[in-house]
Amino acid sequence: MNNPQNPPISSRKQPKQARSTELVSAILQAAAQVLAKEGAARFTTARVAERAGVSVGSVYQYFPNKAAILFRLQSDEWRQTSGMLAETLADDGRPPLERLRRLVHAFIISECDEAGMRVALDDAAPLYRDAPEAREAKASGERAFHTFMREALPEATDDTRSMAVRLVVATLSGVGKDFSSSPREPEEIHAFSEAMGDMFCAWLRERQAKHPT
């Protein structure tokens, strides 16, 4: 028996034909629009189906409940962010601290561009945040940071590198969310990103000085 507070959030099936793929895409686009307009509290499968112009039964072919739709929207966002993290942090053509600065700037821009949707998804998080799928999706971004820290702090202990990952991830997430809660001009975003990059880089340089190569 499923715990009613933790409903299944995996998609029922994956689309295999072009028409099915288009249907799932239309459902997700409609879901994003309903979520942005109505908020998490008024988000329902029926509203999504109406917005997409399909039957509720068509939605249920791919998503067992509204939590599954919301998780798909969230996991797509996580996947996009994780891909950006991994690509930026793994750019070995640039020194580690320069990569970190670029990452901070890209992340803050992303937070500001998608602030409305992020707030709505945060409100919906209790529906899926404790599910294994959610934990794995979030962990993928942290793995990219752990790989980066092994390069940025090669002589540091595992505990020091883990602390560095926790510090950067928690600060980016919390401060980025707070900063993006109000509309920002490009100049504000640039200045804020530069200041945060300065803070991270200064801290990492101090760690490097304590563990010289």
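Ser181 is found in the loop between helices H8 and H9, where helices are DSSP runs of H or I of at least four residues, strands are runs of E of at least two, and both are numbered from the N terminus. The structure is a predicted model, in which local features need pLDDT of at least 70 and side-chain atom pairs count only at pLDDT 80 or more, while totals for chains, interfaces and linings use all residues. Residues are numbered from 1 along each chain as its sequence is written, and side-chain values use heavy atoms, with hydrogens and water left out.

Ser181 is exposed, with a relative accessible area of 54%; here exposed means over 50% relative accessible area, buried means under 20%, and partly exposed lies in between, with a 1.4 Å probe and protein chains only. In sequence Ser181 and Cys112 are 69 residues apart, yet from C-alpha to C-alpha they are 7.7 Å apart in space.

The protein has nine helices and zero strands, and its pattern along the sequence reads α-α-α-α-α-α-α-α-α. Of its 213 residues, 41% count as buried. The protein exposes about 12,000 Å², of which carbon and sulfur atoms supply 51%; accessible areas come from the Shrake-Rupley method with a 1.4 Å probe, and for residues only the protein chains shown count as cover. If one takes the contacts (heavy atoms within 4.5 Å) between residues at least 6 apart in sequence, 70% of them join residues at least 24 apart.

The interior comes next. A nonpolar core is a set of buried Ala, Val, Leu, Ile, Met, Phe, Trp, Tyr and Cys residues joined through side-chain atoms within 4.5 Å. The largest such core has 28 residues, and within it Leu100, Phe145, Met149 and Leu172 touch the most other members. Two or more residues of this core come from each of helix H4 (66-89), helix H5 (96-113), helix H7 (132-152), helix H8 (158-179) and helix H9 (186-210), and H5 gives the largest share, seven residues. When residues up to four places away in sequence are not counted, Met149 touches Pro154, Arg161, Ala164, Val165, Val168 and Leu204. A second, separate core has 27 residues, including Leu28, Ala30, Val34 and Ala49.

Val104, which is found in helix H5, is buried with a relative accessible area of 0%. Leaving aside neighbours within four places in sequence, Val104 is in contact with Leu172, Ser193, Met196, Gly197 and Phe200; of these partners, Leu172 is 68 residues from Val104 in sequence and 7.5 Å away in space, C-alpha to C-alpha. Phe43 is found in the loop between helix H1 (18-38) and helix H2 (45-52), and Phe43 is likewise buried, with a relative accessible area of 0%. With its neighbours within four places left aside, Phe43 is in contact with Ala31, Val34, Leu35, Val48, Lys66, Ile69 and Leu70. Phe43 and Lys66 are 23 residues apart in sequence and 7.7 Å apart in space, C-alpha to C-alpha.

A further loop, between H6 and H7, holds Pro126, which is partly exposed, with a relative accessible area of 45%.

There remain the open spaces. On a 1 Å grid over the protein atoms alone, a pocket is an open set of points with protein on both sides within 12 Å along at least five of seven lines, whereas a cavity is a set of points where a 1.4 Å probe fits but cannot get out; lining residues have an atom within 4 Å of a point. The largest pocket holds about 780 Å³ of space, and of the 29 residues that line it, Glu77, Trp78, Phe107, Lys138 and Ser173 are the closest to its centre. Its lining draws two or more residues from each of H4, H5, helix H6 (115-124), H7 and H8, and H7 gives the most, with eight residues. By class, this lining has 13 nonpolar, seven polar and nine charged residues.

The second largest pocket has a volume of about 170 Å³, a volume being the space filled by probe spheres set on grid points that are joined across faces, edges and corners. The residues lining the second largest pocket include Ala32, Glu77, Asp113 and Met117, and H4 supplies the largest share of that lining, four residues.

Conventions: Nonpolar A, V, L, I, M, F, W, Y, C, P; charged D, E, K, R; others polar.
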